[in-house]
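Dear colleague,

Please find below the structure that I am handing over to you. My notes on it follow, arranged by topic.

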Amino acid sequence: MKHYLNLDAIPNLETAIEEIIDLKNDPYSLEHLGQNKILGMLFFNPSLRTRLSTQKAAHHMGLKTMVMNFSNEAWALEFENGTKMSGLRSEHIKEAAAVVSQYCDIIAIRAFASLSKKEKDEEEQVLNNFVRYASIPIINMESATAHPLQALADAVTIKEHGFTKKSKIVLTWAPHPKALPHAVGNSFVKMVQKIDADFVITQPKGYELNSEITKDTPVIYNQEEALIGADFVYTKNWCSYNDYGKILKTDQEWMMTSEKMKLTNDAKFMHCLPIRRNIVAADDVLDHSNSLVIEQANNRTYAAQWVLKQLLENG
């Protein structure tokens, strides 16, 4: 593994899951791999779980960490070539990536979608320019279109809670007051496609994800119908893809409730967090013993640790 930009970097997901569980049982077993090395973490957007879990993973591997928030601690970066830099952007990515490469051994980057220009977001301008101009490995801590660390942690969580190839997994859209990106949904879809589940997506019409990602995954527009017999329910909001960045539906009828969960096969409830209580899901769903949201957050550490292990072993 040269970089970890998306799930396609993982040669065998089943093997990765087993190795992550092994790391979880003995997290300091490979501490020697990262000794005298530094992980640089660059945040263009806020974080709680991603920042803390990735730092903890680095410490388990013996790495030291350096953290920079580009919103208030760094020069604004220019990503376009051939521009006359007479505006607010003071530093070009060419110099910035080269300089950070001298200070660190691995760079982890978090940069959300703008949700204004679909083509620009799908170019993954921030992430791919660091790949282009840095000389060290890059980790995607969530980008415009993908969140592969979250999806890897979700895969481990599902495996730990009795998943078989007969298990039914439902990804359901939920309401939210803000327009949210597709990164978590995209990566969750890609992950479940790799574990050969009985998988369906449910959302209101107009909220279809990118068809190049969902492929032939069934989409059901009736949430209650989709939930029948589910073993795992993953709830997440995303904005419209075709009418890019827009909120088309704002009412609460798609909120996950305990009554809807009764339609399932005593399903486990999942969400990546943060979650808006009583908007995305009701209190009694989140506080139920079947809620896995805290375990998912815990597994973020070991998913990140596994990725660091691959990059460190690759030299």
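**Backbone features in the loops**

Glu124 is located in the loop that runs between helix 4 (118-122) and helix 5. Please bear in mind throughout that this is a predicted model. The phi angle of Glu124 is near 50°, a positive value in a residue other than glycine. Glu124 has a relative accessible area of 10% and therefore counts as buried.

A second residue with this kind of backbone angle is Asn36, where phi is near 65°, again positive and again not in a glycine. Asn36 belongs to the loop between helix 1 (13-25) and strand 1. With a relative accessible area of 76%, Asn36 is exposed.

The peptide bond from Leu273 to Pro274 is also of note: it is cis, and its omega is near 0°. Pro274 sits in the loop between strand 11 (268-270) and helix 11 (283-286).

**Aromatic pairs and charges over rings**

The count of aromatic pairs comes to 7. In one of them, the ring centres of Phe44 and Phe130 are 6.4 Å apart and the planes stand at 65°, so this pair is edge-to-face. Phe44 comes from the loop between strand 1 (38-43) and helix 2 (49-60), while Phe130 comes from helix 5 (residues 125-133), so the pair ties together parts that are 86 residues apart in sequence. As for accessibility, Phe44 is partly exposed at 21% relative accessible area, whereas Phe130 is buried at 1%.

Tyr241 and Tyr244 make up another edge-to-face pair, with 6.4 Å from centre to centre and 90° between the planes. Both of these tyrosines, Tyr241 and Tyr244, are buried. Returning to the phenylalanines, Phe44, Phe70 and Phe130 form one aromatic cluster.

Which residues of helix 3 (residues 93-103) are buried? They are Ile93, Ala96, Ala97, Val100 and Ser101. These residues cover an arc of only 135° around the axis, which puts them on the same side of helix 3. Gln102 and Tyr103, on the other side of helix 3, are exposed. In general, an α-helix has 3.6 residues a turn, so residues three or four places apart point the same way.

**The cavity**

The search gives 1 cavity of 30 Å³ or more. The largest cavity holds about 30 Å³ of space. Its lining consists of Trp173, His176, Lys178, Ala179, Leu180, Tyr207, Asn237, Trp238, Cys239, Lys246, Ile247 and Lys249. By class, this lining has 7 nonpolar, 2 polar and 3 charged residues.

**Further loop residues and C-alpha separations**

Ser240 is part of the loop between strand 10 (232-236) and helix 10 (258-261), and Asp243 lies in the loop between strand 10 and helix 10 as well. Ser240 is buried, its relative accessible area being 1%. Asp243, at 39% relative accessibility, counts as partly exposed.

For Asp243 and Ala183, 60 residues apart along the chain, the C-alpha separation is 16 Å.

Ser47 is placed in the loop between strand 1 and helix 2. Its relative accessibility is 25%, so Ser47 counts as partly exposed. The C-alpha atoms of Ser47 and Thr157 are 21 Å from each other, and the two residues are 110 apart along the chain.

With kind regards

How values were computed. Residues numbered from 1 in each chain as written. Predicted model: local features only at pLDDT ≥ 70, side-chain atom pairs only at ≥ 80, totals over all residues. Heavy atoms only, no water. 1 Å grid on protein atoms, 1.4 Å probe; cavity = no way out; pocket = protein on both sides within 12 Å on 5 of 7 lines; lining within 4 Å. Points joined across faces, edges and corners; volume = space filled by probe spheres on them. Nonpolar A, V, L, I, M, F, W, Y, C, P; charged D, E, K, R; others polar. Phe/Tyr/Trp six-rings, centres within 6.5 Å; stacked < 30°, edge-to-face > 60°. Helix = DSSP H or I, 4+ residues; strand = E, 2+ residues; numbered from the N terminus. Buried < 20%, exposed > 50% of the residue type's maximum accessible area, 1.4 Å probe, protein only. Arc of directions from axis to C-beta.
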